[in-house]
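This briefing is intended to be read alongside the sequence and the three-dimensional model. Please keep both in view while working through the points below.

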Amino acid sequence: MPLESADWLLKSAARIEATFTEPEEAADWYAKQLTHHTETFIGTYAPTADRDEITRRLAAGEDVVGGWWVTGGRFLSVNLVACSPHRLRREYACPAH
């Protein structure tokens, strides 16, 4: 996992699971990822995805980063990296769609 979320843009495009042109689509994907992994979260804590907040952050050019310990000693990382270009790392190229 990169030190900064923008560093995901330096990785191979093959590492990208999905790309979106609209923040709402990305927020839906993020929520589906959390729902898909709900049963693996340790303890009673299960994160919720605030679709409106995620949409607002992406529309403002902010990344959305989440990470949680899950069963089996594993770590689940779900990230959305805003890119048009990235607001903090303008020199990083956006991956091809």
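The model is predicted: local features need pLDDT of at least 70, side-chain atom pairs count only at pLDDT 80 or more, and totals for chains, interfaces and linings use all residues. Residues are numbered from 1 along each chain as its sequence is written, and side-chain values use heavy atoms, with hydrogens and water left out.

**Strand pair**

- Strands β1 (residues 64–70) and β2 (residues 74–80) run antiparallel and are joined by seven bridges. Two strands pair if DSSP finds at least two bridges between them. Helices (H or I, at least four residues) and strands (E, at least two) are DSSP runs, numbered from the N terminus.
- Val65 has Asn79 of β2 as its bridge partner, and Trp68 stands opposite Leu76 in β2.
- Three residues lie between the strands of this hairpin, in which Gly72 takes a positive phi near 80 degrees.
- In a regular strand the side chains alternate between the two faces of the sheet. Buried means under 20% relative accessible area, exposed over 50%, and partly exposed in between (1.4 Å probe, protein chains only).

**Largest pocket**

- The largest pocket holds about 950 Å³ of space. A pocket is an open set of points on a 1 Å grid over the protein atoms alone, where a 1.4 Å probe fits, with protein on both sides within 12 Å along at least five of seven lines; lining residues have an atom within 4 Å of a point. Grid points are joined across faces, edges and corners, and the volume is the space filled by probe spheres set on the points.
- Its lining comprises 36 residues, and Ala18, Asn79, Leu80, Val81 and Ala82 lie nearest the centre.
- At least two lining residues come from each of α1 (23–36), α2 (51–59) and β2; β2 supplies the largest share, five residues.
- By class, the lining has 19 nonpolar, eleven polar and six charged residues. Ala, Val, Leu, Ile, Met, Phe, Trp, Tyr, Cys and Pro count as nonpolar, Asp, Glu, Lys and Arg as charged, and the others, Gly among them, as polar.

**Buried residues and their contacts**

- Asn79, in strand β2, is buried because its relative accessible area is 17%. The side chain of Asn79 makes a polar contact of 2.7 Å with the side chain of Ser77. A polar contact is a pair of N or O atoms within 3.5 Å; within protein, one must be able to donate a hydrogen and the other to accept it, and residues adjacent in sequence count only if both atoms are side-chain atoms.
- Not counting residues up to four places away in sequence, Asn79 touches Trp8, Trp29, Tyr30, Val64, Val65 and Gly66. Contact means heavy atoms within 4.5 Å.
- Thr55, in helix α2, counts as buried at 13% relative accessibility. A polar atom of the Thr55 side chain lies 2.8 Å from the backbone oxygen of Arg51.
- Tyr92, in the segment after β2, is buried with a relative accessible area of 16%. The side chains of Tyr92 and Asp7 are joined by a polar contact of 3.0 Å.
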